[in-house]
Amino acid sequence: MEQKYLGITPYDEDSSFEFTGRSEETWALYDRIIRNEYTVYYAASGEGKSSLIRAGLLPILRRRDFFPVYIVFEDNELEDLSAIENVINSRIKVESKKHDVTYVQSIWSQKRFDQEVSAQLKSNMWWRLRNYCFKRGNTELKPLFIFDQFEEVFTKATYDWTNHFFTWLEKISTDYIPDSLRENVNSRGIDMPTQKNFKALFSFRTEYLGDLDYWCVQKHFIPALQENRMCLKPLTPKGAKEIINLNESSLGKYADKIVQGCAEPKTNVNNVEQPCVYALILSVVCQTLSEIPDKERIPLLDNLNNQQDDTIDD
């Protein structure tokens, strides 16, 4: 049975079986996540960042006892300065219910803080992120907050909202007791743990790296956002052929022509490990070819490759 190409539509977790061509990049991103508290992940528009996260990364995370909380801010949420923690909490509730996960105070935290103190502190997200845990049955899960399409924090939100977000992020990132808790804790003589019990992934388009640096270096101090970054490059010819061969019976014989037509001009597609094939163009071309009769495919591919030749001549 032929697989369906999605064209410009991103893959999601339900279509992970059909997501291919990005295995190496997916595992490289996973490796960065497990080794670091924060990961910055960026690419040019159309290279498939969201597809890799949703169809490639999420299934791996779930198999390996992570609890991913996927967050894309809605337009109305980017207008409300008080919405940030509410958004995080609402996404936690949605994901917990969907995947049968509980969010409860950890056993060691219950031993350290009595019920009265815990009730007073649980409204503070800094404390909650360090004293609560996600559990599926008896298995404790590691939370990973995934901020996808994060460029919208720079493009759609107001300056005040963006500043408020990074103020909040800086606050929950610090490994020392915030002023809002210190007096309460010190007066009770409680030894409070400060190490983070969560990770975060920030995904956005390449051209907004400068905006991120402005907010995490010049306006705020969040060094973890500079220490661990990964750029998603175009597909390799090898990866591109894996995608084409989803429908090998109908498109396999055209694989070389498709790869050449979707590659950056002046690149050697014979080097199968060189990132040079535009993911979005490839997806649209494969979708188009899969929907037209075989006799119409050669003229379309010839036209695509002729355009490549014209670009090179220019």
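User: Why does Arg91 count as buried?

Analyst: Buried means a relative accessible area under 20%, exposed means over 50%, and partly exposed lies in between (1.4 Å probe, protein chains only). Arg91 has a relative accessible area of 14%, so it is buried. Keep in mind that this is a predicted model, in which local features need pLDDT of at least 70 and side-chain atom pairs count only at pLDDT 80 or more, while totals for chains, interfaces and linings use all residues. Residues are numbered from 1 along each chain as its sequence is written, and side-chain values use heavy atoms, with hydrogens and water left out.

User: What makes Glu77 and Arg91 a salt bridge?

Analyst: A salt bridge needs a side-chain nitrogen of Lys or Arg within 4 Å of a carboxyl oxygen of Asp or Glu. For Glu77 and Arg91, the N to O distance is 3.0 Å, and the two side chains meet in a salt bridge. As for the idea behind it, side chains of opposite charge can pair when their charged atoms come close.

User: Where do these two partners, Glu77 and Arg91, lie?

Analyst: Helices (H or I, at least four residues) and strands (E, at least two) are DSSP runs, numbered from the N terminus. Glu77 sits in the loop between S2 and helix H3 (83-98) and Arg91 in helix H3 itself, so the pair ties together parts that are 14 residues apart in sequence. Glu77, at 13% relative accessibility, counts as buried.

User: How do you know that Arg229 is partly exposed?

Analyst: Its relative accessibility is 22%, so Arg229 counts as partly exposed. Its salt-bridge partner is Asp213, with the closest N and O atoms 2.5 Å apart. Arg229 belongs to strand S7 (residues 229-232) and Asp213 to helix H10 (residues 209-219), so this pair connects parts that are 16 residues apart in sequence. Asp213 is partly exposed too, with a relative accessible area of 24%.

User: What makes the pair of Lys257 and Asp302 a link between distant parts of the chain?

Analyst: The closest N and O atoms of Lys257 and Asp302 are 3.2 Å apart, and they form a salt bridge. Lys257 is in helix H14 (residues 255-262) and Asp302 in helix H16 (residues 297-313), 45 residues apart. Lys257 counts as partly exposed at 35% relative accessibility, and Asp302 counts as partly exposed at 31%.

User: How many salt bridges does the structure hold?

Analyst: There are 19 salt bridges.

User: Now for rings! What makes Tyr38 and Phe202 an edge-to-face pair?

Analyst: Rings of Phe, Tyr and Trp (its six-membered ring) pair if their centres lie within 6.5 Å; planes under 30 degrees apart count as stacked, over 60 as edge-to-face and the rest as tilted. The structure holds 30 aromatic pairs. In the one formed by Tyr38 and Phe202, the distance is 5.8 Å centre to centre and the planes are at 75°, which is edge-to-face. Tyr38 lies in strand S1 (residues 38-43) and Phe202 in strand S6 (residues 199-205), so the pair bridges 164 residues of sequence.

User: Why is the pair of Phe150 and Phe202 called edge-to-face?

Analyst: Their ring centres are 5.2 Å apart and their planes stand at 70°, so the pair is edge-to-face. Phe150 lies in the loop between S5 and helix H7 (152-155), while Phe202 is in strand S6, so parts 52 residues apart in sequence are tied together. Phe150 counts as buried at 1% relative accessibility, and Phe202 is buried at 0%.

User: Why is strand S2 described as largely enclosed?

Analyst: Six of the six residues of S2 (residues 66-71) are buried, so the rest of the structure largely encloses this strand. In a regular strand the side chains alternate between the two faces of the sheet. In S2, Phe66, Pro68 and Tyr70 are buried on one side, and Phe67, Val69 and Ile71 are buried on the other.

User: How do you know that S2 pairs with S5?

Analyst: Two strands pair if DSSP finds at least two bridges between them. Six bridges join S2 to S5 (residues 139-147), and the two strands run parallel. Within this pairing, Val69 stands opposite Phe145.
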